[in-house]
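Have a look at the sequence and the fold, then read on.

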Amino acid sequence: MAYIVGLDEVREIVSSSPSERPGGFIAMNVFTALFFFVFSWFREQACLIVCPYGRLQGVLLDQNSLAVAYDFVRGEPRGKLKKDEIQEKGDCIDCHLCVDVCPTGIDIRNGIQMECVNCTACIDACDDVMVKIKKPKGLIRLDSLSGIQTGKRFSFSLRVGIYTTILVILVSIISILMANRTDVEVNILRTPGMLYQVQPNNKISNLYNFHVINKTFHDMAIELKVKGIKGRD
Ligand code: SF4
Ligand code: SF4
């Protein structure tokens with residue numbers, strides 16, 4: 001609510017009687033009901049269905065992109081760990097813990113999936129298992145598909161360089177815009193459809209619309225003056 005209507009407005013709504021601000025009271029109840037619904041029942045479906053991040057991943061990732069990934073080279077063939085069994089198996093003991101801890105309920109061993117929100121809970125769970133069975137950590141880790149296949153560590157590729165450059169440019173632009181941000185924004189436009197008017201005292205008048213935005217949280221006195229031309233306001 002504060003994100004949409006501002007903190008001051010929310011403070012007003014919660015501190016005044018519902019009869020004084022029925023609209024705010026109803027909106028607050030709708031928001032509360034909505035978030036209760038999300039947290040109590042909808043849960044991970046908000047990530048899977050509503051949030052666009054997962055869908056964007058398919059566009060942004062390639063085989064060199066770092067993501068939470070299962071090392072199938074090391075892990076397969078998976079199988080339960082049995083005492084005194086001498087069998088050539090991979091490091092995955094098929095304990096299912098990585099699936100159990102996953103908030104979106106996916107099995108990362110099936111590969112990178114749209115539903116993965118990169119929370120890394122499966123990495124922690126699997127690392128704990130690896131410690132217990134005395135195997136190196138990192139069966140599930142942040143790595144790329146080609147990194148897992150070739151065993152090479154992540155390197156700074158051209159694509160990463162381009163993304164980094166774009167990010168630096170965008171951060172620079174937003175920093176400059178924020179540094180040069182003024183407290184007041186004014187738009188002055190001639191009133192649509194109006195030409196100048198010749199007044200009886202041999203003077204010419206023009207009509208303008210002023211749109212003044214106060215970007216601060218406090219009241220401000222504004223004075224408008226005609227500058228640079230002969231005339232009066
Ligand atoms: S937590 Fe690790 S060992 Fe257990 S099933 Fe997942 S990948 Fe395999
Ligand atoms: S990173 Fe999180 S969402 Fe992705 S597979 Fe692992 S536990 Fe699931």
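Predicted model: local features only at pLDDT ≥ 70, side-chain atom pairs only at ≥ 80, totals over all residues.

**Backbone points to check**

- Most residues other than glycine have a negative phi, and most peptide bonds are trans.
- His96 is not a glycine, yet its phi is positive, at about 70 degrees; this residue sits in the loop between helix 6 and helix 7.
- Thr120 also has a positive phi, near 70 degrees, without being a glycine.
- You will find Thr120 in the loop between helix 7 and helix 8, and with 14 other C-beta atoms within 10 Å it is partly exposed.
- The peptide bond between Glu76 and Pro77 is cis, with omega about -5 degrees.
- Pro77 belongs to the loop between helix 6 (72-75) and helix 7.

**Around ligand 1**

- Ligand 1 is surrounded by 15 residues, and the closest are Cys92, Cys95, Leu97, Cys98 and Cys126.
- Helix 7 (97-100) and helix 8 (121-132) are the elements that each give two or more residues to this shell.
- Helix 8 provides the largest share, three residues.
- By class, the shell around ligand 1 holds 11 nonpolar, two polar and two charged residues.

**Around ligand 2**

- Ligand 2 has 14 residues around it, with Cys102, Ile108, Cys116, Cys119 and Cys122 coming nearest.
- The shell around ligand 2 contains 11 nonpolar and three polar residues, but no charged ones.

Definitions and conventions. Residues numbered from 1 in each chain as written. Chains lettered and ligands numbered in written order. Near = placed C-beta within 6 Å. Helix = DSSP H or I, 4+ residues; strand = E, 2+ residues; numbered from the N terminus. Nonpolar A, V, L, I, M, F, W, Y, C, P; charged D, E, K, R; others polar. Buried ≥ 20, exposed ≤ 12 C-beta atoms within 10 Å, placed from the backbone.
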